[in-house]
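Please read the following report alongside the sequence and the coordinates.

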Amino acid sequence: MSALPPPLPAAPAPRAILEYGLSSGNAAMVQLLGLCPLLAVSTGLVPALGLGLASVLALTATNTIIALLRKQTGRDVRIPVFITVIACVVTAIELSMRAFLPALHGVLGLFIPLIVTNCALLGRAEAFASRHDPARAALDGFAVGSGFLLVLLALGGLRELIGRGTLFAGAGPLLGLPGLEWTLLPGYRGFLLAVLPVGAFLLLALLIALRQHWQATRTAPRPLPDDRRA
C-alpha cells in the first residue's frame with residue numbers, strides 16, 4: 001500500500017493544492033479511497049467519465065459549502081453538518097442526472113448515491129474545507145475530484161480497450177454523443193478477464209506499481225560524476 005501523503009501547509013498555494021489532489025495525495029492511487037465504485041464502474045470509459053465528473057462536482061460543491069459554514073459550525077456538531085451537506089449535494093447530483101441523463105443514471109445505478117460514503121468527501125471536509133477559505137476549499141475539492149477522475153478514466157480506458165477493443169462504447173445512447181465511439185480493433189473478440197472484477201484489481205495494482213516505480217526513480221539519488229582523470 002502507498003504511504004500516506006504529508007498534509008498540506010496551513011496556507012497552501014494553489015499550485016500545491018493542485019499537486020496534492022492530482023498526484024501526491026491522489027485519493028485513489030495513494031490514499032486508496034473510493035475503491036468500491038472505482039473498481040465496479042470502470043468497465044468502460046463512459047461510466048467512468050460519468051461517475052468521475054459527478055465526484056468532481058460533489059467534492060467541489062461540498063468543500064465550498066462547508067468552507068462557507070465553517071465559522072458557524074461548532075466542533076461538537078461539525079461531523080453531522082458535514083454529512084448532511086454531502087448527502088444534500090449528492091442527492092441533487094443524482095436527481096439532476098436522473099432527469100437529464102437517464103440512460104447513464106441507469107448504468108451507474110446505486111453508485112451515484114454511494115458517493116456519499118466516499119471517504120474522500122468527508123476526509124477533505126474535515127482536513128481542509130473546514131479550515132480554509134471557500135476559494136482554496138473549492139480548488140482542493142476540484143483537485144481531489146480530478147485526481148479521482150483521472151484514475152477512473154485510465155482504468156476504464158484500459159479495461160475497455162483490452163476487454164472489448166473499443167473506447168467510449170455506448171456514448172451515443174448514454175450521452176447523446178455517438179461521435180465519441182471508437183472501435184480501435186475491428187474483429188477483436190475481447191479479453192474477458194479485463195472486464196471482470198478481478199481484471200479491475202489487477203490493472204489498478206499495475207497502475208499503482210507503475211506510479212510507485214516512477215516515484216522511486218524520480219527521487220533516487222543520482223550518481224556523482226566521475227572526476228578522475230586518466
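## Overall picture

Of the 230 residues in the chain, 40% are buried, where buried means under 20% relative accessible area, exposed means over 50% and partly exposed lies in between, computed with a 1.4 Å probe on protein chains only. The structure is a predicted model, in which local features need pLDDT of at least 70 and side-chain atom pairs count only at pLDDT 80 or more, whereas totals for chains, interfaces and linings use all residues. Residues are numbered from 1 along each chain as its sequence is written, and side-chain values use heavy atoms, with hydrogens and water left out.

The chain has 10 helices and 2 strands, taken as DSSP runs that are numbered from the N terminus, with helices being H or I of at least four residues and strands being E of at least two. Read from the N terminus, the order of the elements is α-α-α-α-α-α-α-β-α-β-α-α. Along the principal axes, the C-alpha atoms fill a box of roughly 75 × 60 × 30 Å. The accessible surface comes to about 12500 Å², and 70% of this surface belongs to carbon and sulfur atoms; such areas come from the Shrake-Rupley method with a 1.4 Å probe, and for residues only the protein chains shown count as cover. Among contacts between residues at least 6 apart in sequence, 75% join residues at least 24 apart, a contact being heavy atoms within 4.5 Å.

## Helix packing

Axes are lines fitted to C-alpha atoms, for helices over the stretch in contact, and angles run from 0 to 180 degrees between N-to-C directions.

| Helix pair | Axis distance | Crossing angle |
|---|---|---|
| α3 (residues 45–69) and α7 (residues 134–164) | within 8 Å | roughly 165 degrees |
| α7 and α10 (residues 197–219) | 10 Å | about 125 degrees |
| α3 and α6 (residues 119–127) | within 10 Å | roughly 30 degrees |

Angles under 35 degrees count as roughly parallel, over 145 as roughly antiparallel, 65 to 115 as roughly perpendicular and the rest as oblique. The axes of α3 and α7 cross at roughly 165 degrees, and the two helices are therefore roughly antiparallel to each other. Their crossing is right-handed, a term used if the near helix is turned clockwise from the far one by less than a right angle, with anticlockwise giving left-handed. The residues in the contact of α3 with α7 divide into 18 nonpolar, 10 polar and 2 charged; here Ala, Val, Leu, Ile, Met, Phe, Trp, Tyr, Cys and Pro count as nonpolar, Asp, Glu, Lys and Arg as charged, and the others, Gly among them, as polar.

Helix α7 also packs against α10, at an angle of about 125 degrees, which makes α7 oblique to α10. This crossing of α7 and α10 is right-handed. On the α7 side the contact is made by V151, A154, L155, L158, R159 and I162, and on the α10 side by P197, A200, L203, L204 and L207. By class, the contact of α7 with α10 has 10 nonpolar, no polar and 1 charged residues.

Helix α3 and helix α6 cross at roughly 30 degrees, which makes α3 roughly parallel to α6. The crossing of α3 and α6 is right-handed. The contact joins A58, L59, T62, N63 and I66 of α3 to A120, L121, R124 and A125 of α6, and its residues divide into 6 nonpolar, 2 polar and 1 charged.

## Individual residues

Not counting residues up to four places away in sequence, L104 touches V46, P47, G50, M97, L174 and L175. The C-alpha atoms of L104 and I17, which are 87 residues apart along the chain, are separated by 31 Å.

S24 lies in helix α1 and, at 23% relative accessibility, counts as partly exposed. S24 and Q215 are 191 residues apart in sequence, with a C-alpha to C-alpha distance of 9.7 Å.

Two residues deserve a look at their backbone angles. Most residues other than glycine have a negative phi. The phi of L32, however, is positive, near 55 degrees; L32 lies in the loop between α1 (14–24) and α2 (35–41) and is partly exposed, with a relative accessible area of 22%. F168, also not a glycine, has a positive phi of about 60 degrees, and its place is in the loop between β1 (166–167) and α8 (171–175).
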